[in-house]
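User: I'm new to this one and would like a close look at a single part of it. Could you walk me through it slowly?

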Amino acid sequence: MGRLDKLPPYLFSAIDAAKEKARAAGVSVVDLGVGDPDRPTPRALVDVMAQAIAEPAYHCYPAQRGDAHLKLAIALWLKKRHGIQVDPTRQILILVGSKEGLGHLPLTCVQEGDNVLVPDLGYPVYGQATILAGGEPRSFSLTPENGFKPDLKELDSLIDDRTRLLFLNYPNNPTGAVVDSRFWKELVALCSRRQVTLVNDAAYLEVTLDGSRPTSLLAVADPATDRVIELHSLSKMFNMTGWRIAFAVGHPDVVGDLARVKESIDSGVFTAVQATAAHALGEAFEELLGPVMEVYPRRRKIMVDALSKAGFEVFESAATFYVWCRVPAGESSVDFCSRALDEIGVVVTPGPGFGAGGEGWFRISLTASDNDIAEGARRIGDWR
Ligand SMILES: Cc1ncc(COP(=O)(O)O)c(C=O)c1O
């Protein structure tokens, strides 16, 4: 079987097709499916970009590993915001979105027959990228009993001498679970003992609903010596999903290997976009971030109140813009989500789209307009 044949169907393609069919049939659809912020990029960043785009020096190929000015801004941001010290030239790499970095990472180290540990529940890209690199994704479970954190004993039992990478994602999509520094410490020790490179997908690190600051893996590991890498993204932080700008930070060899893979594939991110990202992470960071995150607690409350009123069990969380919710007993996730679309015109994502462990759950994204959130909550509240 070829590698492409081994890829599972991409979750959101099936959902998009069902949604379009409902729309074509005249249903007024409220889409709470995809996690793509409804609001624009902050005006101040659009203005920086408008100026940057006119700069002729930015019209050439970007620097291969990323613009030095942006990498310095990232290093300063990491220090100030998370207390993390790294060498910007050897430990930071600019990405065309974090999906790109996650997708290319297995190519740095996976040979035919190697395996990679991926969370079940998780963003599907970790497993897909592993398959494309010729490796075998090996799932470990995230269960509600364990607060959607992995069981270290299970991880230890899954690792063998062909395990190359361990993917994690905290704050977690789809559950909203977060981990603390003690958890990271134990995991770093395990990965170092078993010689596995630890990857944290930190796309939601700054997406919090109560002003808290979830712990970065890099604040606990020593990225100068531990084989760790963390991927950060401006997509959700600043409503910039369309801009394609993110960065990887970690051990110099891991970052360097990813840079070498990318050298053969892409030519970096438009320098004007990088200049805008440098501004976003600079002095104005907190002032810019506050208004972006301000809408989510309100939206979550409206949605969770409606869900609770209708008798749904919701996983408590103050991170990410997702609500992770149990399907009523006796119904499968896919059947429930199809019924939500058919009966009340609301698109929600079935849990198994993130792995078999998602059976019995569904995800609501809070990235729809305030009106749609209110309307979706009303329909769900009146439904059952
Ligand atoms: C867990 C997770 N990681 C990574 C990404 C990719 O983000 P981007 O490529 O826009 O940085 C997403 C997007 O939804 C995500 O949910």
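How many residues apart are Arg-182 and Glu-186 in helix 9, and about how many helical turns separate them?

Analyst: A quick word on the ground rules. This is a predicted model, where local features need pLDDT of at least 70, side-chain atom pairs count only at pLDDT 80 or more, and totals for chains, interfaces and linings use all residues. Residues are numbered from 1 along each chain as its sequence is written, and side-chain values use heavy atoms, with hydrogens and water left out.

Now your pair. Arg-182 and Glu-186 sit four residues apart in helix 9 (residues 181-194), so about one helical turn separates them. Helices here are DSSP runs of H or I with at least four residues, numbered from the N terminus. The two side chains meet in a salt bridge, at 3.7 Å from N to O. That term means a side-chain nitrogen of Lys or Arg within 4 Å of a carboxyl oxygen of Asp or Glu. In general, side chains of opposite charge can pair when their charged atoms come close.

How open is each partner? Arg-182 counts as exposed because its relative accessibility is 62%, while Glu-186, at 38%, is partly exposed. The cut-offs are under 20% relative accessible area for buried, over 50% for exposed, and partly exposed in between (1.4 Å probe, protein chains only).

Glu-136 is partly exposed, with 37% relative accessibility.

Charged side chains turn up around the ligand as well. The ligand is surrounded by 15 residues, and the closest are Asp-201, Ser-233, Ser-235, Lys-236 and Arg-244; a residue is near a molecule if one of its heavy atoms lies within 4 Å of it. An N or O atom in the side chain of Asp-201 is 2.5 Å from a nitrogen atom of the ligand. Lys-236 places a polar side-chain atom 2.7 Å from a ligand oxygen atom, and for Asn-173 the distance from a polar side-chain atom to an oxygen atom of the ligand is 2.8 Å.

Terms used
Helices (H or I, at least four residues) and strands (E, at least two) are DSSP runs, numbered from the N terminus. A polar contact is a pair of N or O atoms within 3.5 Å; within protein, one must be able to donate a hydrogen and the other to accept it, and residues adjacent in sequence count only if both atoms are side-chain atoms.
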